[in-house]
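Please look through the sequence and the structure shown here before reading the notes below them. Keep both in view, so that each named residue can be found as it comes up.

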Amino acid sequence: MIPRWLSLLFLLGTLSAESMFKQSLKGRCQKIEFDLCKDIPYNMTFFPNPMLGQDQQNIDSLHMYTDHFKPLILTKCHPHLKFFVCSVFAPMCPKDVPQAVTSCKSLCEQVKAGCKSLLDQYGLAWPELLECDRFPEINQGLCMNPPEGTQQSPSPSGSFARPHSPSKPPSCPSHLVNVDPQDSNGACALPCEHNTFFTKDDKRVASSWMVALGAVNLALAAFTFLTYIIDRHRFRFPERCVFFMSLCMAILSIPNLFLLFWRFQEMACEQLHSGQSYVTFAGFENHRCLLSFSLIYYFSTAASLWWLMFAFTWYLSAGRRWVPEGVEACSPYVHLIAWGTAALATIVVLVMRRVDASELTGLCSVGNQDPESLLYFSLLPRLSATLLGVFFIVAGLSGMCKEGQSLRRRGTDTSKNEKLVLKMIMFCIFYLLPMCTVLVCDYLHFHDVKATSRATIECKLFGGVEAGLCKQPPRLQPSRYLLQLIMGLLGGGACALWILSPKTFSSWQRFLCCGMCSPAPQKSASAQRLASSSRPLIEPQIPLQVIPHPPHPPTHYAPLHSQHSTQVWRPSNVV
């Protein structure tokens, strides 16, 4: 048993490490390196500077921006103008409170009142970067005022004020769109015209693959489902689940062809009243986005559930030796689980407003920008359905192999069952390999979104620009997302392999030629339908030893006499 003091020590160590990690994310103190502000009362500044944009953080940019204020500082329009400008480009970083501390709003108003008239004489506007609304009040935020008549560093006991509540909601960085500036918990959305995570070439290559593979997958999946439609009596459960999977794959491919008719901005973007457009992250304003989400999410979820139903009915037939009529009797429940559960999940996502668009493809789904939605509404459900399906498939194959061994020991021909086992294994390989690849890519995408959400859509939740966390996120790897896109459009080909046989071509030949191109059948149509409808996927095997032999006909006959014939033969009593 672990001692209590050791558990307490481990807990304190964990909390300390977590605190150090959070402090490292907020920034650090460093010496002031540009000449203009080296003689001010403090010599340590906070990096990164939350008052500036991402492209203004390096030393060359700071030299360039501060040089613009040197002529104004030389006019000495206010005695604390230099201190005020330096507090913007090099905010103080006290050792006890490692964060950016700039001037108070009162100092800004004094400097502006003393120097604005001079700027007006030359037709210059007061710089937007120095607007007084950006600075906190003395009683509402952490700020500083210059010491009067001395060169000592400002101290917390003097003109510091501990923050109680922010003077205004946090703001978003310049490379993001502030959807609701008055909401402290609002989102910082990705702008439509800005390439945040992917370049234009990445988007162009992805759209080309989407259209090409979407058309091929649609054609293969539609051919598979139409084969079932024109020859329904040929297939029974669990084979029918494959055709409903192909139906889902066919409809799932349709949104990939939207790029032929609509632009990226029309499918994935929404617009504010100010005219700024951003990539959809939660809303119902873009109807094309809702259409692509409904088709993609509903039918992808239904395809995963139909895979699970296929594996389960295969287990009943092969592992539990259910007769086809017993599996057929459960088909209403199978349809209810597959279609109903997918519809319920889609409704829940719409009610919770978890629909978001992908910057790479322009299609709307779940989890493109929200890691929690990706985990709970997409990754975990599909992973669970895949693993359960694999379990049922393996259990069914194990039961069928044991039955085959028993039949072979009794001398029964099991070639048909061996072909069926081989067909099942090949189908599972061609279907599960792309699906598992998509799951792995989704898992990596989950970590990407989780790492970048604090700097993008959740920026204001963690303090906004003022906290120094909303930096420009790094670009993502387009090859991995392209692999995920390609693998997700291979399901139709796997379903088409299931019906690849001479019987399929014969069915299409009879359908297209209306029975005129094929030779006349040996049996009547009703007899053929009866024979095909009664054919199970797994035919029962009867050992050769138990087939009863018909009785031998009598070989000895005795003559019978009647009024019509004098010699009529009849069977004798001796056999």
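Predicted model: local features only at pLDDT ≥ 70, side-chain atom pairs only at ≥ 80, totals over all residues.

The protein chain holds 17 helices and twelve strands, and of its 575 residues 44% count as buried.

**A buried aspartate**
- D356, which is found in strand 9 (residues 355-357), is buried yet has no salt bridge, and the nearest side chain of opposite charge, R354, is 8.5 Å away.
- A polar atom of the D356 side chain does, however, lie 2.8 Å from the backbone nitrogen of Q369.
- Beyond its neighbours within four places in sequence, D356 is in contact with several residues, including T280, F281, L363 and D370.

**Salt bridges**
- The count of salt bridges comes to eleven.
- R354 forms a salt bridge with D370, with the closest N and O atoms 3.5 Å apart; R354 lies in the loop between helix 11 and strand 9 and D370 in the loop between strand 10 and helix 12, so the pair ties together parts that are 16 residues apart in sequence.
- E359 forms a salt bridge with K203, with the closest N and O atoms 3.6 Å apart, and this pair links distant parts of the chain, 156 residues apart.
- E359 is buried at a relative accessible area of 6%, and K203 also counts as buried, at 15%.
- K105, D133 and E137 are linked in a network of salt bridges.

**A kinked helix**
- Helix 13 (residues 415-452) has 38 residues and reaches 56 Å from its first C-alpha to its last, and a kink of about 25° lies at L432, shortly before the proline P434.

Notes. Residues numbered from 1 in each chain as written. Heavy atoms only, no water. Helix = DSSP H or I, 4+ residues; strand = E, 2+ residues; numbered from the N terminus. Expected span 1.5 Å × (residues − 1). Bend = angle between axes of the 7 residues up to and from the residue. Buried < 20%, exposed > 50% of the residue type's maximum accessible area, 1.4 Å probe, protein only. Lys, Arg positive; Asp, Glu negative; His and termini not counted. Salt bridge = Lys/Arg side-chain N within 4 Å of Asp/Glu carboxyl O. Polar contact = N/O pair within 3.5 Å; in protein donor to acceptor, adjacent residues only side chain to side chain. Contact = heavy atoms within 4.5 Å.
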